[in-house]
Number of protein chains: 2
Amino acid sequence: MFEIIDRDGLARIGKFTVGKKSVETPALMPVINPNIIVISPSEIYEKFRTYALITNSYIIYRDLDLKEKAIQKGLHKLLDFPGLIMTDSGTFQDHVYGDINIDFLEIAKFQRDIGSDIITILDVFTEPEFDRERVENAIDETYRRAKLTKENLGDVNIAGPIQGGIYPDLREKAARMMNSLDLDYYPIGGVVPLMENYRYRDLVNIIMSVKMNIDYGKPVHLFGAGHPMFFAFAVLMGIDFFDSASYVKYARDDRILFPDGTRYLDDLKYVPYPSPYLDRYDLDDIKSMEKEERVKILAMHNLYISMEEIERVKAAIFENSLWEYVEERARSHPSLYDALVEIYKYNEKIDKFENLSKKHPFYYTGKESLMRPLVKAFEKRIIKNYKYNKKICFVLDSKDLKEYSKLIENVDAHFLIRTPIGFVPYNLLHVYPVYSAIFPENCEYYDNLNKILESIDFDLLVSLLNKKFDDEMEKVLNIQFKKKDMDVERIKNVIDFQFGYGAGDALLDGNLRIVKSKNTGMIRNIYLNDQHILSMRNDGLFTLKLYGGKILHRKFSYPKLRTVVTKESEEFNLKGKNVFARFIVDMDPDLRPYDETIIVNENDDFIGVGRTLFTRDEALKIKKGMVVELREFEKRE
Amino acid sequence: MFEIIDRDGLARIGKFTVGKKSVETPALMPVINPNIIVISPSEIYEKFRTYALITNSYIIYRDLDLKEKAIQKGLHKLLDFPGLIMTDSGTFQDHVYGDINIDFLEIAKFQRDIGSDIITILDVFTEPEFDRERVENAIDETYRRAKLTKENLGDVNIAGPIQGGIYPDLREKAARMMNSLDLDYYPIGGVVPLMENYRYRDLVNIIMSVKMNIDYGKPVHLFGAGHPMFFAFAVLMGIDFFDSASYVKYARDDRILFPDGTRYLDDLKYVPYPSPYLDRYDLDDIKSMEKEERVKILAMHNLYISMEEIERVKAAIFENSLWEYVEERARSHPSLYDALVEIYKYNEKIDKFENLSKKHPFYYTGKESLMRPLVKAFEKRIIKNYKYNKKICFVLDSKDLKEYSKLIENVDAHFLIRTPIGFVPYNLLHVYPVYSAIFPENCEYYDNLNKILESIDFDLLVSLLNKKFDDEMEKVLNIQFKKKDMDVERIKNVIDFQFGYGAGDALLDGNLRIVKSKNTGMIRNIYLNDQHILSMRNDGLFTLKLYGGKILHRKFSYPKLRTVVTKESEEFNLKGKNVFARFIVDMDPDLRPYDETIIVNENDDFIGVGRTLFTRDEALKIKKGMVVELREFEKRE
């Protein structure tokens, strides 16, 4: 069972549970060859605190002695590993050495019988150079086997590998076929040759094609991707599991893994990323060790560095800075830069998974940062929800705000402000990502002026970029200077931006009271007719209070802003419990992760307000965990 | 005494020696407050293998008990530290708490008397907000004190801090004044407030202004710069020493140092860059520790992470990949990106320090990579040395080389090939950086076509970019197809590119024999009249052999390609010894680090050939170590 606990866009921190064993994702499973153990499973469990590994059931199966022991003692005792054990099926052996003479059902049943926690179907490997026909045949055969395996195996976790070579459309097709079987776990296969040749751009296209067609509630594993260079990129695209034989394979060749690439032991004088197993002071000792001892030390280092990178990526998800981190990592190899630019091409597809407000400030780290989906999503929401009818639209530069404060505060007009992240309405300047974005002096600007202008209604455009506003102009434009209520206008703009155009009028229609922070003077709470409707968060957006939710519920018709829950859930929610997976009936498809939502039952009766962790597609699919964090609920008589 | 051992552009690995104690640079000296020891000097020496620290002589001086002990036992015994100890003078205390009531000579003598290895002058601190006049006064007073201190102190290592606020011209002036005193060590002072406010762009201007006016043979220290974020940038600009009180200061505030920034302990759930002292599994324990114990652990972590970053930077110098690394680091904070772009503005000044051939392949990591000084230096050398008189110049794309091979191999013309790194003559495609450069598919191109076209002489330009060359065109152009000797032409072009226009004609005038590798078919050795004149290196350039050197010595007049040595050196060099500092009389100012050079005496008599590690300005200044690695020498009768 897979539960998603935290996220940053498509990337997520999850928990995969089998019985009492569980592992937190993203996770790297070390590959253990039961015949040649370099780092023992118990060391992996204890020293590396790594609670999942992968081993090859075929290697056990073909060795009479191991097979016997595995059947008698079970896999976990055989390997002396109390954590989660996934088994592979011999596909790669079949692929490399030809017919391995085993029936796909037989090896699946064997995996089950020795107590594997995740059983892998014997799929058909696809090489990058395979032609379409051969790949299609492999997909069909893999599907056939998966279907029969599922039918024959009973209640176990089955992993259905997705093949498809380098053809995105075939990967998509394979993903859809495999997904239709509702398996428990989806590895992406046939990618090792791409990893080895730095073909990260191809990998992006493969992962995206698969990921967009697989149930978001299921874990996805990138088979054989054991080099830390690509972890952050894969996780950004929603990969949950990796496995690594690399830590040992590279160690045998005296090659050392680092997050930015591989280096030969002999080429090292300084150790760019030291570990407890390898630093500059140990180098000479290690170089002169016996082969076996050296392989062990290097394998320990390689595994440590790989685990460290997983930890780094988790920290980035938790901080909501994964895009920043990937943009940094992209600079460690040109092929990774290529992968980054390729990822941006999927902006339209990944857009909906992006939370519009993040814990981490927006960092500009090059013009590439302006290609992040967040920038487009922000622009899109402005275009959709910032619609007013005012006579004049002024265009200013953010550097000139002080100079024009009189104009801004006294004239009833649109003010579009040029910031590096694009043109933003003045009243949304304090909203994430603008308010906390950090831009260097030396930077390019994103230009969305025309797109925003098209969305608003005005008669006269006055561009004051690098110009002066003087008395002369005042006369020509025939402008009325009259002190505005800046607060109310801003609140209205933010409400519309956040909840949809028209929400502002609905929420502010009555006797308004605005409470500001005594220390900072910032807007904090908003009351309508003495009822608390909104609180302003640090990111400039609002928390929806119960009474505010009721107003929006009346204002907007189904399904806007709704999370629809079952009768069963309703009872719990009315007692203050959060909304959990499996109780979701429907959801507004425009909701993004961490958006405010109104919880209703199937008759659209109001239940309460909360914050969702998922998009509609995700929420309908996931099977475990919280979907909406309930904030306030209706007290029914 | 300071010796430079290795380099990558302005960055260098050095060795600073005082008596029997020495420390490798770039180095971070932990600050030790003798009154409040968190990590003890012996732990620093043993656990962190850090062989230099800095302490404040004023804190010892003003504490009667400590002062007494220091005078009796000496500083090294007082602190129990066998490594190198630098002392600061109380400047910062004077600046923060007002008049510290001590004479600058008295505190300098005190430092000497307690056995400090590097004695710091009591300088006058300059804050970023100080006006010019105040800064100028501080510079003058600091200079006056430095001069008197040097006159009064005898044979000790004196550090003369360079102040100047945020005024690059005053920093330059201060550097020149201080440099005129020929001190042993130059700290750059007054930068902590800039570091704390992420004003890395200002720091770039300050460091560059100082560095360009300080004897290249002397170590330069960035005072108080203890955060690992900026280490790589500072080293790239030629900084040798850092000191850190940050590791303790931040620990006291529960703030944790990471190479990409600072995080609060309470904000951590995952540890992005774990250390032996702090990882995710220790977090809860550490959070609930007693303050004192926690400060120690966090200080250990902070120091470890800082030292790791120094090690990472050293690895980059050793690999010749520091520009790549800095471009990666620049993405971890927008202010670092700003610093990177600011550094490029000094391209003209730092150009000459760049080795034109590097061990590490050129990595394109964004369009910023095309702003590296190496790209301009490569272009400059092409423009200067690629000058031929041919009727036609063809412009092709590197992707079309195969298609046009007949044209290239049979027509006597210039062929300029468009590569991401700019237009490059066909015959130089196999030379560093082009041959090993790695470019993503998604990348911008550097356009130097016009600049290169201006430098060559032709009648007709045929641009075949995205066009076809057909029979029609052949007729119009009246082209003669005739098999060329590709090897000789290429060798000539490379020789001219490397040694200067005309060198090719000189070196190839006679009976030529080209020896190629049996395995790869690549050119390896070149003989003229049966004398070995050149060997081709892996980077596509030549190693100059003795006979080749003699020819170039005849061909080019003084000082071209020369390293001029003293009579004393000549005797040693003629016995096969390398050329050492202090024996250099002069050098061709066009020589770059790692260029081939001809060694001559003051009468311009030929001595031998070798490879220089330094530019002229550097070579004339440094006092210790090898300047030219001798390869072959004249056997005189």
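Predicted model: local features only at pLDDT ≥ 70, side-chain atom pairs only at ≥ 80, totals over all residues.
Two packed helices are described by the angle between their axes and the distance between the axes. In chain A, helix α6 spans residues 104-113 and helix α7 spans residues 132-153. Their axes come within 10 Å. They cross at roughly 45°. Angles under 35 degrees count as roughly parallel and 65 to 115 as roughly perpendicular, so α6(A) is oblique to α7(A). The crossing is right-handed. From α6(A), the contact draws on Phe104(A), Leu105(A), Ala108(A), Lys109(A) and Arg112(A). From α7(A), Arg144(A), Arg145(A), Leu148(A), Thr149(A), Asn152(A) and Leu153(A) take part. By class, the residues of this contact comprise 5 nonpolar, 2 polar and 4 charged.

Chain B holds an open sheet of 8 strands. The strand order is β8-β7-β6-β5-β4-β11-β10-β9, with parallel pairing. The edges are taken by β8 (158-159) and β9 (186-188) of chain B. Each has a single partner strand, so one side of each lacks a neighbour in the sheet.

Within this sheet, strand β4 (residues 27-32) of chain B runs parallel to strand β5 (residues 52-56) of chain B. The two are joined by 2 bridges. Ile32(B) has Thr55(B) of β5(B) as its bridge partner. A helix also packs on the sheet: α14 (residues 291-319) of chain B. Helix α14 touches β4 and β11 (241-244) of chain B. The direction of α14 makes about 160° with that of β4(B).

Notes:
Residues numbered from 1 in each chain as written. Chains lettered and ligands numbered in written order. Heavy atoms only, no water. Axes fitted to C-alpha atoms, helices over the stretch in contact; angles between N-to-C directions. Helix = DSSP H or I, 4+ residues; strand = E, 2+ residues; numbered from the N terminus. Parallel < 35°, antiparallel > 145°, perpendicular 65-115°, else oblique. Left-handed = near helix turned anticlockwise from the far one by under 90°. Contact = heavy atoms within 4.5 Å. Nonpolar A, V, L, I, M, F, W, Y, C, P; charged D, E, K, R; others polar. Pairing = 2+ DSSP bridges.
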